[in-house]
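Subject: Structure handover

Hi,

Here is the structure for your files. My notes on the contents follow below it.

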Amino acid sequence: MSVNENNCQTVRELFSGLPEGSLKVLQITDTHLYAETEGTLLGMNTQFTLDEVLKMTNECGPVDLILSTGDLVHDASEVGYKRYQSIMERAGVPVYCIPGNHDVPKMMKKTLKDSHVVYIPSAVHNNWGFAFLDSTLLDSEGGHFEQSELDLLEAVLTDNRDKHVLVCMHHHPVSVNSEWMDTMLIDNASDMFKVIDQYDNVKGLLWGHIHQIFDKDRNGIPMMATPSTCIQFAPEQDDFGLDDEPPGCRWLALMPDGSIKSCVTRLSEMPDGLDYNSAGY
């Protein structure tokens, strides 16, 4: 599958002429790997699509770090996580992983260690801090923040008052104007916003889960979600539906002044196999 050169040019323009101290960041999300490389999600081979997206990212340019925002392994298998770690290690940069509703955090902690592909609560690069929040809720597709996660967020914001902070999670904290998808948002996101609203160093919110692009501001703070590396959900649709947009990823330029520039790139064409007649997954 060919690389969309126009998209790569967009990335090069995004990262061109950045001020010293800027961070080049790649977000990939909802990879949905399986223990078996032949595993498919609604007919689409998720190993193949991840490989193709990573080929595209390699063509489009190097980054300083990667954010992997949940649903790494659809069957939460140890084999799947170990293979994911092996694949992502090839990037040669820190890869920060967050659990999604199809992941098992305990299995992630067991397998994603002793490597630069890790599952940890926070990180600091240059003058940017990162809070990696677990929004998973046991036996639920929806999201929820335990008090421990809200405490973690407040600790990251307090400890990094002299830095800009990007808050990362899996589930969406605000409505995306899709009735079926909005049954799975974070049910106590207001508690998170109460914490965030007490600080002026939060510069962005980033998540996955919705398998589509989302870009809106809240009180001047960008909120961003990103296409999956496999299947895409039809946006602003009340019933479940699949989109015909190809797999993709998001690129972010985190600037020394706290501003964020971003773009999304996709594969040049939709891979074969997707079952558009599916009523859900």
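Is His32 buried or exposed? At 0% relative accessibility, His32 counts as buried. Buried means under 20% relative accessible area, exposed over 50%, and partly exposed in between, with a 1.4 Å probe and protein chains only.

First, the ground rules. This is a predicted model, where local features need pLDDT of at least 70 and side-chain atom pairs count only at pLDDT 80 or more, while totals for chains, interfaces and linings use all residues. Residues are numbered from 1 along each chain as its sequence is written, and side-chain values use heavy atoms, with hydrogens and water left out.

Backbone

His32 is in the loop between β1 (23–28) and β2 (40–41). Helices (H or I, at least four residues) and strands (E, at least two) are DSSP runs, numbered from the N terminus. His32 is not a glycine, yet has a positive phi of about 55 degrees. Most residues other than glycine have a negative phi. Asp139 also has a positive phi, about 60 degrees, and is not a glycine. It sits in the loop between β8 and α5 (147–159). Asp139 counts as exposed, at 77% relative accessibility.

Asp71

Asp71 is in the loop between β4 (65–68) and α3 (78–89). Asp71 is buried but has no salt bridge. The nearest side chain of opposite charge is Arg83, 15 Å away. For charges, Lys and Arg count as positive and Asp and Glu as negative; His and the chain ends are not counted. The Asp71 side chain does reach the backbone nitrogen of Asn101, at 3.1 Å. Leaving out residues up to four places away in sequence, Asp71 touches Asp30, Thr31, His32, Pro99, Gly100, Asn101, His102, Asp103 and His170. Contact means heavy atoms within 4.5 Å.

Cysteines

There is one disulfide (a pair of cysteine sulfur atoms within 2.5 Å). Cys8 and Cys60 form it, with S to S at 2.1 Å. The link is left-handed, at -75 degrees about the S-S bond. It connects distant parts of the chain: Cys8 is in helix α1 (residues 5–15) and Cys60 in helix α2 (residues 46–60), 52 residues apart. Cys8 is buried at 0% relative accessibility. Cys60 is buried too, at 3%.

Cys168 is in no disulfide; the nearest cysteine sulfur, in Cys97, is 12 Å away. Cys249 is buried at 0% relative accessibility.

Aromatic pairs

The count is seven aromatic pairs. Rings of Phe, Tyr and Trp (its six-membered ring) pair if their centres lie within 6.5 Å; planes under 30 degrees apart count as stacked, over 60 as edge-to-face and the rest as tilted. Tyr96 and Phe132 have ring centres 5.0 Å apart and planes at 25 degrees, so they are stacked. Tyr96 is in strand β5 (residues 95–97) and Phe132 in strand β8 (residues 128–132), 36 residues apart. Phe130 and Phe132 are also stacked, at 6.2 Å centre to centre and 15 degrees between planes. Ring pairs join Tyr96, Phe130 and Phe132 into a cluster. Tyr96 is buried at 8%, Phe132 at 4% and Phe130 at 0%.

Salt bridges

The count is seven salt bridges. A salt bridge is a side-chain nitrogen of Lys or Arg within 4 Å of a carboxyl oxygen of Asp or Glu. Lys55 and Glu52 meet at 3.1 Å, N to O. They are three residues apart in helix α2, about one helical turn. Lys55 is partly exposed at 48%, whereas Glu52 is buried at 6%.

Arg250 and Asp215 also meet at 3.1 Å. Arg250 lies in strand β13 (residues 248–254) and Asp215 in strand β11 (residues 214–218), so the pair ties together parts 35 residues apart in sequence. Arg250 is buried at 1%; Asp215 is partly exposed at 46%. Elsewhere, salt bridges that share partners join Glu78, Lys82 and Lys110 into one network.

Best regards

Terms used
Polar contact = N/O pair within 3.5 Å; in protein donor to acceptor, adjacent residues only side chain to side chain.
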